Amino acid sequence: MTLVDLTYQDSIALVRLNRPDRLNALSDELLTDLETTLDRIAASACRAIVVTGAGRAFCVGADLPEVLDRLDGGQEDLLAFVRRAGNLFSRWENSPLPVIAAVNGHAVAGGFELVLAADAVVAAEGALLGDGHVRYGMLPGGGGAVRIERKLPANVARRLLLTGDLEPAERFHSWGLIEEVVPAQGLLDAAFALARRFTAHSALALAEVKRVANAARDLPTAEALDLEYETFAAYVHSPEIRAGLTEFRERERPPA
């Protein structure tokens, strides 16, 4: 049985981590299924991605007994696993499609790193989120320490890293990471409603603005501004810009 379920609705891909008996903990097999799922989505005509978990957790990170087994077998095996997970999270972040995390329950360690790699987040009431690595003598290795300080206020991010505290979704909403907190039964409806707001726009425009925003974080301001202008200069030759402006003009045209 696959550890990831993939279904489509209205050009939106729904990715559900399906290892509920282990709280969707990351394993080699689950990473393989997620990689395959991203390949399938890339070859499809879908326009946005919603990722969630089966059961009572979103994802609690790496399967810790397996981590210990890897450590006993030699550090290289553990390092390869962490590198692989980090590369997977980067694929979510750099996907040309908008990615929405629908957090149905605990999102900890690697699960929280997946949330941080999403473009937008909605969560069920009472869901707990946090880095959590230091609670088990671990460190983030999949981007958690980097992305958390880019997505949360600096003092909040640092406290979460250094304490390993888990906080309810409602607090993350107040800090700006979570777009909306809803009753659990309405979680996917809220995620799909947000996805449809994205898919109402040009796929090329969304992909390009996301690419520029991601790249600009690592560039000096002058270079980032140049990248933004150069991307716009290329985009003006696309049919999307003419179609969008024409549609706007027709909407604004006064009735005869």
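Contact means heavy atoms within 4.5 Å of each other. The close-ups below come from a predicted model, in which local features need pLDDT of at least 70, side-chain atom pairs count only at pLDDT 80 or more, and totals for chains, interfaces and linings use all residues. Residues are numbered from 1 along each chain as its sequence is written, and side-chain values use heavy atoms, without hydrogens and water.

**View A. Helices H1 and H3 pack side by side.** On the H1 face, Asp28, Leu31, Thr32, Leu34, Glu35, Leu38 and Asp39 take part. They meet Phe81, Arg84, Ala85, Leu88, Arg91 and Trp92 of H3. This contact holds seven nonpolar, one polar and five charged residues. (Ala, Val, Leu, Ile, Met, Phe, Trp, Tyr, Cys and Pro count as nonpolar; Asp, Glu, Lys and Arg as charged; the others, Gly among them, as polar.) H1 spans residues 28-42 and H3 spans residues 75-94. Helices (H or I, at least four residues) and strands (E, at least two) are DSSP runs, numbered from the N terminus. The H1 and H3 axes lie 11 Å apart, at an angle of about 25°. Axes are lines fitted to C-alpha atoms, for helices over the stretch in contact, and angles run from 0 to 180 degrees between N-to-C directions. H1 and H3 are therefore roughly parallel. (Angles under 35 degrees count as roughly parallel, over 145 as roughly antiparallel, 65 to 115 as roughly perpendicular and the rest as oblique.) Their crossing is left-handed, that is, the near helix is turned anticlockwise from the far one by less than a right angle.

**View B. Helix H2 meets H3.** H2 covers residues 64-72. The axes of H2 and H3 come within 6 Å and cross at roughly 135°, so the two helices are oblique to each other. Val67, Arg70 and Leu71 of H2 contact Gln75, Asp77, Leu78 and Phe81 of H3. By class, four residues here are nonpolar, one is polar and two are charged.

**View C. Val103 sits in the largest nonpolar core.** A nonpolar core is a set of buried Ala, Val, Leu, Ile, Met, Phe, Trp, Tyr and Cys residues joined through side-chain atoms within 4.5 Å. Buried means under 20% relative accessible area, exposed over 50%, and partly exposed in between (1.4 Å probe, protein chains only). Of the 48 residues in this core, Trp92 and Val103 touch the most other members. Beyond four places in sequence, Val103 touches Phe58, Val115, Val121, Val122, Ala123, Ala124, Ala127, Leu129 and Leu187. Another core, of 16 residues, lies apart from it and includes Leu14, Ala124, Ala190 and Phe192.

View D. His133 belongs to the loop between strand S8 (128-130) and helix H5 (144-151). His133 is buried, because its relative accessibility is 8%.

**View E. Ala145 in helix H5**. Ala145 is partly exposed, at 38% relative accessible area. Ala145 touches Pro140 and Leu161, residues up to four places away in sequence not counted. Ala145 and Glu113 are 32 residues apart in sequence, yet 8.8 Å apart C-alpha to C-alpha.

**View F. Two loop residues with positive phi.** Asp10 is not a glycine, but its phi is about 50°. Asp10 lies between strands S1 (4-9) and S2 (12-17). At 52% relative accessibility, Asp10 is exposed. Asn24 has a phi near 60° and lies in the loop between S2 and H1. Asn24 is buried, with a relative accessible area of 0%.
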